[in-house]
Amino acid sequence: EYNSILLSLKLEEDNIFYANWEPNEIYTYITETYGEGKKKLPDAFVCANDQMAIFVLVFLEQIGVLLPDEVAVTGFDNLRAGRVYFPSLTTVDQSYREQGSASADIVMELLNDAKIVKKSSIPCVACIGESCCCVNRKNETELRRQVGRDVWSNQYLVDNMRGRQSQLDMNIMSNSNFEEVQDIINNDLNNSVDIPIQTAPLIRE
């Protein structure tokens, strides 16, 4: 159903703007195209990544657009900045943690002389924030609390993983023998203890 709807949409070239990842390009486009009511706002700005989407939010607010009531904005990345910005950004998480885990599994299979490695498909996850006006405004306070906990817990997991990775890198670099490197990786996997940090869902029904 999703694919059929997508194919039925007609995307005109005039509705696509290439900012070349430059904030100045976005500023010029927003102010010159929509400033002082020059052109009617679209239903939504669908941006290639979160950083560009946040700049769109910033520059729209600068020309007096009420967000998210007057126009929706979406990104793609699920960056921390997008979760703490107001309005919080509706975006897509690319499941990097799951991608990394699947990649590590493949490496371990190859190290253990696997002849055939199964392909893995990691789905992306839609993260609904406030910028698309999809959130019940009555729940904004609870949403902010959840976002705060989520940002902290994710940052902890990132810092913890970086520390483990740094230690693992030093152990590997100090050994040139393949069997020793394999033992180091296996030992790290077997002895690692992940603290079970559970965060509340972004939106509660």
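**A walk through the helices**

Tutor: Helix H2 has 12 residues and reaches 16 Å from its first C-alpha to its last, close to the 16 Å expected at 1.5 Å a residue, where the expected span is 1.5 Å times one less than the number of residues. Helices here are DSSP runs of H or I with at least four residues, and strands are runs of E with at least two, both numbered from the N terminus. This is a predicted model, in which local features need pLDDT of at least 70 and side-chain atom pairs count only at pLDDT 80 or more, while totals for chains, interfaces and linings use all residues. Residues are numbered from 1 along each chain as its sequence is written, and side-chain values use heavy atoms, with hydrogens and water left out.

Student: Which residues of H2 are buried?

Tutor: In H2, the buried ones are Ile26, Tyr29, Ile30, Thr31, Thr33 and Tyr34, with buried meaning under 20% relative accessible area, exposed over 50% and partly exposed in between, for a 1.4 Å probe and protein chains only.

Student: And what do the buried residues of H2 pack against?

Tutor: They pack against S1 and H3, where contact means heavy atoms within 4.5 Å. After H2 comes Glu36, whose phi is positive, near 55 degrees.

Student: Okay, H3 then. Where is Asp50, and what does Asp50 touch?

Tutor: Asp50 is found in helix H3, which covers residues 50-62. Leaving aside residues up to four places away in sequence, Asp50 touches Gly75, Phe76, Asp77, Asn78, Leu79, Leu89 and Thr91.

Student: What covers the buried residues of H3?

Tutor: The cover includes helix H2 (23-34), strand S1 (44-46), strand S2 (72-74), helix H4 (80-84) and strand S3 (91-93). Among the buried residues of H3 are Met52, Ile54 and Phe59.

Student: Changing topic, how many disulfides are there?

Tutor: The count comes to zero disulfides, a disulfide being a pair of cysteine sulfur atoms within 2.5 Å. Cys127 is in no disulfide, and the nearest cysteine sulfur, that of Cys124, is 9.8 Å away.

Student: Is Cys127 buried or exposed?

Tutor: Cys127 is buried, with a relative accessible area of 15%, whereas Cys133, at 40% relative accessibility, counts as partly exposed.
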